[in-house]
Amino acid sequence: MGLKRIAFGIGIGFIAGLVVRSSITKETVSPEKALRIVKEKLKTRVTIDGSWIHMIPETLTKDQLEYTVYRGGISSTQGQEDVQFDFVVDAATGTILELTSQSN
């Protein structure tokens with residue numbers, strides 16, 4: 001009986017450890033998925049010629065809130081003009097926090 005109790009205790013402890021670990025581990029959107037989200041949102045408005053994203057997330061403070069974000073860009077040609085879109089995406093949710101454009 002003692003061996004069964006020990007095995008049962010180890011099993012319960014292992015399962016509890018997995019549950020706690022998964023709840024405290026912060027999951028993030030991959031940089032590739034973040035870029036794909038931005039491209040999906042923009043492709044209905046502009047023709048996308050190229051794109052890039054920083055692979056290492058950084059911290060951004062906006063409106064007194066702190067976010068872990070990815071920065072990147074999309075290049076497009078609108079008419080005869082080259083346009084560069086710079087974006088900031090929340091790494092936790094994939095939400096676009098900033099999108100700015102610059103014409104060349």
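Which side chain meets E40 in a salt bridge? Keep that in mind for the close-ups below, which all come from a predicted model.

**View 1. E40 pairs up with K43.** The partner is K43: the two side chains meet in a salt bridge, with 3.3 Å from N to O. E40 isn't tucked away here, as it comes out partly exposed at 45% relative accessibility. A search of the whole structure turns up three salt bridges, and the E40–K43 contact is one of them.

**View 2. E58 and R71 bridge two strands.** Here we're looking at a salt bridge between the side chains of E58 and R71, at 2.6 Å from N to O. E58 sits in strand β2 (residues 58-62) and R71 in strand β3 (residues 65-78), so this pair ties together parts that are 13 residues apart in sequence.

**View 3. K62 reaches E98.** The side chains of K62 and E98 form a salt bridge, and the N to O distance is 3.7 Å. This one links distant parts of the chain: K62 belongs to strand β2, E98 to strand β5 (residues 96-103), and 36 residues separate them.

Terms used. Residues are numbered from 1 along each chain as its sequence is written. This is a predicted model: local features need pLDDT of at least 70, side-chain atom pairs count only at pLDDT 80 or more; totals for chains, interfaces and linings use all residues. Side-chain values use heavy atoms; hydrogens and water are left out. A salt bridge is a side-chain nitrogen of Lys or Arg within 4 Å of a carboxyl oxygen of Asp or Glu. Buried means under 20% relative accessible area, exposed over 50%, partly exposed in between (1.4 Å probe, protein chains only). Helices (H or I, at least four residues) and strands (E, at least two) are DSSP runs, numbered from the N terminus.
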